[in-house]
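Thanks for asking me to look this one over.

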Amino acid sequence: MADAYEAVRGSLKLKGVADGGVKKKKKKNKNKAKQLVQTARNTEKEEQKSGDEEGTPVDDRTPAQKAYDRLQEKRAAERILKKAEKTHKQRVEKFNEYLDELTEHYDIPKVSWTK
């Protein structure tokens, strides 16, 4: 058994310890100049899109996207009107009627440890 450990020398070395542990090298960002140029171009494009009027936003959506948004707003309005038809009391009464109509299959069985 002792033969297996003869090749091992010294103690366990941990990274980041002040005893001369292994230090990772930081990678240099080669594309930093390209990123700066791209951000400058993007800001120029945004300024051109805004046009002469800076306060008004430019709508870049397609006609299909605009139609989709209008349809979503319409459906949301219909949902709100549907919920506003009944009062809370009416909804509770309807739910209670639904529960009364259910069979006993859905009831929680009684469990007694004394019997």
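1. Burial comes first: of the 115 residues in the protein chain, buried residues make up 0%. Here buried means under 20% relative accessible area, exposed means over 50%, and partly exposed lies in between (1.4 Å probe, protein chains only). The protein chain exposes about 12,900 Å², and carbon and sulfur atoms supply 54% of that area. Accessible areas come from the Shrake-Rupley method with a 1.4 Å probe, and for residues only the protein chains shown count as cover.

2. A word on the source. This is a predicted model, in which local features need pLDDT of at least 70 and side-chain atom pairs count only at pLDDT 80 or more, while totals for chains, interfaces and linings use all residues. Residues are numbered from 1 along each chain as its sequence is written, and side-chain values use heavy atoms, with hydrogens and water left out.

3. On secondary structure, the protein chain has 3 helices and 0 strands, and its elements run α-α-α from the N terminus on. Helices (H or I, at least four residues) and strands (E, at least two) are DSSP runs, numbered from the N terminus.

4. Helix α2 covers residues 63-84, and its end C-alpha atoms are 32 Å apart, in agreement with the 32 Å that its 22 residues should span at 1.5 Å a residue. The expected span is 1.5 Å times one less than the number of residues in the helix. Helix α2 is also hardly covered, with a count of 0 buried residues among its 22.

5. Now the salt bridges, where the count comes to 3. The rule asks for a side-chain nitrogen of Lys or Arg within 4 Å of a carboxyl oxygen of Asp or Glu. Side chains of opposite charge can pair when their charged atoms come close. D59 pairs with R61, the closest N and O atoms being 3.0 Å apart, and K66 pairs with D59 at 3.8 Å. R61 also bridges to D69, at 2.3 Å. Through shared partners, these salt bridges join D59, R61, K66 and D69 into one network.

6. How accessible are the members of that network? D59 is partly exposed at 39% relative accessible area, and R61 is partly exposed at 36%. K66 is partly exposed at 31%, and D69 is partly exposed at 27%.

7. Next, the surface patches. These are made of residues with over 30% relative accessible area and no salt bridge; like charges are joined within 9 Å, and nonpolar side chains (Val, Leu, Ile, Met, Phe, Trp, Tyr) within 5 Å. Lys and Arg count as positive and Asp and Glu as negative, while His and the chain ends are not counted. Each charge is placed at NZ of Lys, CZ of Arg, CG of Asp or CD of Glu.

8. The positive patch gathers K74, R75, R79, K82, K83, K86, R91 and K94. Which helix supplies the largest share of the positive patch? Helix α2 does, with 5 residues, and α2 and α3 each supply at least two. K94 is found in helix α3.

9. The negative patch is made of E93, E97, D100 and E101. D100 is found in helix α3, residues 88-101, and is exposed at 66% relative accessible area.

10. Finally, F95, Y98, L99 and L102 form a nonpolar patch on the surface, with about 380 Å² of accessible area together. Y98 is found in helix α3 and counts as partly exposed at 47% relative accessibility.
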